[in-house]
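Q: Could you walk me through reading a model like the one below? I would like to go from a single residue out to the whole chain.

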Amino acid sequence: MANRDEILGYCDELLDCGSFADYGPNGLQVPGGAEVTRIATGVTANLETLERGVTGGAELVLTHHGLLWGDEVSPLSVPMAARLRALLCAGASLAAYHLPLDAHPEIGNNALLRDALGLEADARPFGEAKGSSVGVIGRASEPIGVDELGRRLAAAVGREPLVFDAGPAEIRTVGVVTGAGGFALHEAGPLGLDALVTGEPSEPVMGEAREYGVHFLAGGHYATETAGVRRLGELVAERFGTEHEFVDVPNPV
(Lines give C-alpha, C1' and ligand atoms only; values in the text may rest on other atoms or scores of the structure.)
Protein backbone atom coordinates (compact mmCIF):
# COMPACT_ATOMS: atom_id res chain seq x y z
CA MET A 1 0.00 0.00 0.00
CA ALA A 2 1.29 3.46 -0.94
CA ASN A 3 0.31 7.01 -0.17
CA ARG A 4 -1.40 8.83 -3.04
CA ASP A 5 0.26 12.16 -2.37
CA GLU A 6 3.70 10.54 -2.29
CA ILE A 7 2.98 8.93 -5.66
CA LEU A 8 1.85 12.22 -7.15
CA GLY A 9 4.80 14.06 -5.64
CA TYR A 10 7.08 11.58 -7.39
CA CYS A 11 5.23 12.08 -10.70
CA ASP A 12 5.30 15.87 -10.36
CA GLU A 13 9.05 15.86 -9.73
CA LEU A 14 9.87 13.27 -12.39
CA LEU A 15 7.97 15.21 -15.05
CA ASP A 16 9.08 18.65 -13.79
CA CYS A 17 5.49 19.86 -13.86
CA GLY A 18 6.29 23.22 -12.32
CA SER A 19 8.24 24.22 -15.43
CA PHE A 20 5.24 23.98 -17.77
CA ALA A 21 2.33 26.21 -18.58
CA ASP A 22 -0.44 23.99 -19.96
CA TYR A 23 -3.99 23.92 -21.28
CA GLY A 24 -5.27 22.53 -17.99
CA PRO A 25 -3.96 21.59 -14.53
CA ASN A 26 -1.34 18.86 -14.18
CA GLY A 27 -1.41 16.54 -11.20
CA LEU A 28 -4.36 15.77 -8.95
CA GLN A 29 -7.71 16.74 -10.47
CA VAL A 30 -10.18 14.66 -8.45
CA PRO A 31 -9.20 13.61 -4.90
CA GLY A 32 -10.21 10.23 -3.54
CA GLY A 33 -8.77 8.01 -0.85
CA ALA A 34 -5.29 8.57 0.53
CA GLU A 35 -4.07 4.96 0.23
CA VAL A 36 -3.31 3.24 -3.07
CA THR A 37 -2.76 -0.44 -3.77
CA ARG A 38 -3.58 -0.41 -7.48
CA ILE A 39 -3.32 2.24 -10.20
CA ALA A 40 -4.86 2.37 -13.64
CA THR A 41 -3.43 4.38 -16.51
CA GLY A 42 -5.08 5.50 -19.73
CA VAL A 43 -4.77 8.09 -22.45
CA THR A 44 -8.04 9.94 -21.84
CA ALA A 45 -10.29 10.27 -18.79
CA ASN A 46 -13.46 9.27 -20.60
CA LEU A 47 -16.16 7.24 -18.88
CA GLU A 48 -15.03 3.85 -20.20
CA THR A 49 -11.46 4.39 -19.05
CA LEU A 50 -12.57 5.51 -15.59
CA GLU A 51 -15.18 2.78 -15.11
CA ARG A 52 -12.82 0.03 -16.19
CA GLY A 53 -10.10 1.42 -13.95
CA VAL A 54 -12.17 1.61 -10.78
CA THR A 55 -14.01 -1.65 -11.49
CA GLY A 56 -10.60 -3.29 -11.66
CA GLY A 57 -9.87 -1.98 -8.18
CA ALA A 58 -7.76 1.10 -8.90
CA GLU A 59 -7.77 3.76 -6.20
CA LEU A 60 -5.79 6.10 -8.48
CA VAL A 61 -6.26 6.69 -12.19
CA LEU A 62 -3.48 8.43 -14.13
CA THR A 63 -4.27 9.80 -17.59
CA HIS A 64 -2.64 11.97 -20.23
CA HIS A 65 -5.85 13.86 -21.03
CA GLY A 66 -7.63 14.76 -17.82
CA LEU A 67 -11.08 16.15 -17.08
CA LEU A 68 -10.20 19.81 -16.58
CA TRP A 69 -9.21 22.16 -19.40
CA GLY A 70 -8.82 25.91 -19.27
CA ASP A 71 -9.63 27.89 -16.15
CA GLU A 72 -13.28 28.79 -16.61
CA VAL A 73 -15.96 27.43 -14.29
CA SER A 74 -19.04 26.22 -16.17
CA PRO A 75 -22.06 23.95 -15.51
CA LEU A 76 -21.30 20.23 -15.69
CA SER A 77 -22.16 18.47 -18.93
CA VAL A 78 -23.81 15.07 -18.86
CA PRO A 79 -20.51 13.30 -19.73
CA MET A 80 -18.59 15.26 -17.09
CA ALA A 81 -21.14 14.42 -14.40
CA ALA A 82 -20.99 10.73 -15.28
CA ARG A 83 -17.19 10.71 -15.18
CA LEU A 84 -17.11 12.41 -11.80
CA ARG A 85 -19.78 10.04 -10.49
CA ALA A 86 -17.67 7.03 -11.49
CA LEU A 87 -14.70 8.37 -9.56
CA LEU A 88 -16.49 9.77 -6.53
CA CYS A 89 -18.71 6.76 -5.96
CA ALA A 90 -15.64 4.54 -6.01
CA GLY A 91 -13.62 6.89 -3.78
CA ALA A 92 -10.92 6.95 -6.48
CA SER A 93 -8.56 9.78 -7.40
CA LEU A 94 -7.74 11.10 -10.85
CA ALA A 95 -4.48 12.77 -11.85
CA ALA A 96 -3.47 13.92 -15.32
CA TYR A 97 -0.17 14.84 -16.93
CA HIS A 98 -0.35 16.54 -20.31
CA LEU A 99 2.53 18.60 -21.78
CA PRO A 100 5.04 17.43 -19.15
CA LEU A 101 4.36 13.85 -20.25
CA ASP A 102 4.75 14.77 -23.92
CA ALA A 103 8.05 16.49 -23.28
CA HIS A 104 9.96 14.19 -20.92
CA PRO A 105 13.28 13.24 -22.55
CA GLU A 106 13.07 9.56 -21.55
CA ILE A 107 9.47 8.50 -20.87
CA GLY A 108 7.69 11.23 -22.84
CA ASN A 109 5.36 10.35 -25.69
CA ASN A 110 7.60 12.05 -28.22
CA ALA A 111 10.88 10.52 -27.08
CA LEU A 112 9.37 7.04 -26.93
CA LEU A 113 7.87 7.35 -30.41
CA ARG A 114 11.14 8.67 -31.82
CA ASP A 115 12.91 5.64 -30.36
CA ALA A 116 10.24 3.28 -31.72
CA LEU A 117 10.85 4.76 -35.17
CA GLY A 118 14.51 3.77 -34.92
CA LEU A 119 15.74 7.37 -34.96
CA GLU A 120 18.64 8.87 -33.08
CA ALA A 121 18.16 11.85 -30.77
CA ASP A 122 18.83 15.37 -32.04
CA ALA A 123 19.21 17.87 -29.22
CA ARG A 124 17.61 20.83 -30.99
CA PRO A 125 14.39 22.09 -29.33
CA PHE A 126 11.23 21.46 -31.32
CA GLY A 127 7.45 21.63 -31.09
CA GLU A 128 6.72 24.70 -28.98
CA ALA A 129 3.46 24.62 -27.03
CA LYS A 130 2.56 27.07 -24.28
CA GLY A 131 6.12 28.37 -24.24
CA SER A 132 7.84 24.97 -23.91
CA SER A 133 9.44 22.71 -26.50
CA VAL A 134 7.48 19.48 -26.11
CA GLY A 135 8.48 17.68 -29.32
CA VAL A 136 11.71 16.03 -30.40
CA ILE A 137 13.81 15.70 -33.54
CA GLY A 138 15.13 12.34 -34.69
CA ARG A 139 17.88 11.52 -37.17
CA ALA A 140 18.04 8.47 -39.38
CA SER A 141 21.43 6.77 -39.24
CA GLU A 142 21.01 6.08 -42.96
CA PRO A 143 18.60 7.97 -45.24
CA ILE A 144 15.17 6.31 -45.55
CA GLY A 145 12.19 6.85 -47.84
CA VAL A 146 8.72 7.96 -46.82
CA ASP A 147 7.37 4.44 -47.36
CA GLU A 148 9.87 3.06 -44.86
CA LEU A 149 9.04 5.79 -42.33
CA GLY A 150 5.36 4.98 -42.79
CA ARG A 151 6.03 1.28 -42.17
CA ARG A 152 7.95 2.06 -39.00
CA LEU A 153 5.17 4.32 -37.75
CA ALA A 154 2.52 1.67 -38.48
CA ALA A 155 4.53 -0.89 -36.53
CA ALA A 156 4.95 1.51 -33.61
CA VAL A 157 1.29 2.50 -33.26
CA GLY A 158 -0.52 -0.55 -34.62
CA ARG A 159 -2.39 1.18 -37.43
CA GLU A 160 -1.77 2.53 -40.91
CA PRO A 161 -0.87 6.23 -40.83
CA LEU A 162 -2.18 9.01 -43.00
CA VAL A 163 0.72 10.10 -45.21
CA PHE A 164 1.12 13.25 -47.27
CA ASP A 165 4.15 12.48 -49.43
CA ALA A 166 5.39 16.04 -49.80
CA GLY A 167 9.09 15.98 -48.95
CA PRO A 168 12.41 14.80 -50.33
CA ALA A 169 13.14 11.28 -51.58
CA GLU A 170 15.69 10.74 -48.80
CA ILE A 171 14.65 11.42 -45.20
CA ARG A 172 17.38 12.22 -42.70
CA THR A 173 15.64 14.40 -40.08
CA VAL A 174 12.18 13.88 -38.58
CA GLY A 175 10.23 16.07 -36.17
CA VAL A 176 7.97 14.20 -33.74
CA VAL A 177 5.04 15.80 -31.92
CA THR A 178 2.42 13.28 -30.86
CA GLY A 179 -1.29 14.05 -30.62
CA ALA A 180 -2.50 17.21 -32.34
CA GLY A 181 0.96 18.26 -33.50
CA GLY A 182 0.27 19.55 -36.99
CA PHE A 183 1.15 23.06 -35.79
CA ALA A 184 4.79 21.97 -35.74
CA LEU A 185 4.94 22.06 -39.55
CA HIS A 186 5.64 25.77 -39.11
CA GLU A 187 8.83 24.82 -37.27
CA ALA A 188 9.73 21.78 -39.35
CA GLY A 189 9.75 23.76 -42.60
CA PRO A 190 12.05 26.60 -41.52
CA LEU A 191 14.35 24.14 -39.73
CA GLY A 192 14.77 22.17 -42.94
CA LEU A 193 13.41 18.92 -41.53
CA ASP A 194 12.43 16.26 -44.03
CA ALA A 195 9.35 14.89 -42.26
CA LEU A 196 6.94 15.50 -39.40
CA VAL A 197 5.34 12.62 -37.49
CA THR A 198 2.30 13.45 -35.39
CA GLY A 199 -1.05 12.07 -34.32
CA GLU A 200 -3.82 13.82 -36.21
CA PRO A 201 -4.03 16.39 -39.00
CA SER A 202 -5.99 19.59 -39.27
CA GLU A 203 -7.44 20.61 -42.62
CA PRO A 204 -4.67 23.04 -43.62
CA VAL A 205 -1.75 20.66 -43.14
CA MET A 206 -1.89 18.99 -46.55
CA GLY A 207 -1.28 22.27 -48.32
CA GLU A 208 1.23 23.42 -45.73
CA ALA A 209 3.23 20.20 -46.03
CA ARG A 210 3.41 20.59 -49.79
CA GLU A 211 4.36 24.24 -49.55
CA TYR A 212 7.12 23.58 -47.01
CA GLY A 213 8.28 20.45 -48.82
CA VAL A 214 7.96 18.31 -45.68
CA HIS A 215 6.49 14.80 -45.47
CA PHE A 216 3.53 14.67 -43.05
CA LEU A 217 2.60 11.42 -41.30
CA ALA A 218 -0.27 11.10 -38.81
CA GLY A 219 -0.51 7.88 -36.81
CA GLY A 220 -3.57 8.78 -34.72
CA HIS A 221 -3.87 11.09 -31.73
CA TYR A 222 -4.72 8.26 -29.34
CA ALA A 223 -2.35 5.73 -30.89
CA THR A 224 0.70 8.00 -30.68
CA GLU A 225 0.07 8.80 -27.01
CA THR A 226 -0.32 5.43 -25.30
CA ALA A 227 3.35 4.85 -24.51
CA GLY A 228 4.10 7.71 -22.10
CA VAL A 229 1.32 7.21 -19.59
CA ARG A 230 1.77 3.44 -19.69
CA ARG A 231 5.48 3.84 -18.88
CA LEU A 232 4.67 6.32 -16.10
CA GLY A 233 2.36 3.73 -14.56
CA GLU A 234 5.05 1.07 -14.77
CA LEU A 235 7.56 3.31 -13.01
CA VAL A 236 5.08 4.14 -10.24
CA ALA A 237 4.31 0.45 -9.73
CA GLU A 238 8.01 -0.42 -9.58
CA ARG A 239 8.84 2.35 -7.13
CA PHE A 240 5.84 2.07 -4.79
CA GLY A 241 5.00 -1.64 -5.04
CA THR A 242 1.49 -1.10 -6.39
CA GLU A 243 -0.35 -3.09 -9.02
CA HIS A 244 -0.76 -1.42 -12.40
CA GLU A 245 -3.15 -1.84 -15.32
CA PHE A 246 -3.09 0.09 -18.59
CA VAL A 247 -6.69 0.57 -19.71
CA ASP A 248 -6.73 0.50 -23.51
CA VAL A 249 -9.75 2.23 -25.08
CA PRO A 250 -8.69 2.48 -28.74
CA ASN A 251 -9.80 5.56 -30.63
CA PRO A 252 -9.51 5.84 -34.45
CA VAL A 253 -8.76 9.56 -34.14
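Predicted model: local features only at pLDDT ≥ 70, side-chain atom pairs only at ≥ 80, totals over all residues.

Q: Is Val247 buried or exposed?

A: To decide, compare its relative accessible area with a cut-off: under 20% counts as buried. Val247 has a relative accessible area of 1%, so it is buried.

Q: Which residues is Val247 in contact with, leaving aside its neighbours within four places in sequence?

A: Val247 is in contact with Ala40, Thr41, Gly42, Thr49, Arg52, Gly53 and Tyr222. One of these, Ala40, also stands opposite Val61 in strand 5. For a view across the model, take Arg151: it is 96 residues from Val247 along the chain, and their C-alpha atoms are separated by 26 Å.

Q: In what sense do strand 4 and strand 5 pair?

A: Strand 4 (residues 38-44) pairs with strand 5 in the parallel sense, over five bridges. Strand 5 spans residues 60-65 and is mostly covered, with six of its six residues buried.

Q: How do I read the two faces of a strand, and which residues of strand 12 lie on each side?

A: The general idea is that side chains in a regular strand alternate between the two faces of the sheet. In strand 12 (residues 215-218), His215 and Leu217 are on one side, while Phe216 and Ala218 are on the other. Both faces are covered, and these four residues are all buried.

Q: Which way does strand 9 run against strand 12, parallel or antiparallel?

A: Strand 9 (residues 162-164) and strand 12 run antiparallel and are joined by three bridges. Here Phe164 has Phe216 as its bridge partner. Strand 11 (residues 195-198), by contrast, runs parallel to strand 12, with four bridges between them. In that pairing, Val197 has Leu217 as its bridge partner.

Q: Zooming out, how many helices and strands does the protein chain have?

A: There are nine helices and 13 strands. The radius of gyration is 19 Å, close to the 18 Å from the globule rule for 253 residues, so the chain is as compact as a globular protein of that length. Of those 253 residues, 52% count as buried.

Q: And how many positive and negative side chains are there?

A: The chain carries 17 positive and 36 negative side chains. To see how the two sets are placed, look at their centres, which lie 3 Å apart.

Terms used. Residues numbered from 1 in each chain as written. Heavy atoms only, no water. Rg over C-alpha atoms; globule rule 2.2 N^0.38 Å. Buried < 20%, exposed > 50% of the residue type's maximum accessible area, 1.4 Å probe, protein only. Lys, Arg positive; Asp, Glu negative; His and termini not counted. Charge placed at Lys NZ, Arg CZ, Asp CG, Glu CD. Pairing = 2+ DSSP bridges. Contact = heavy atoms within 4.5 Å.
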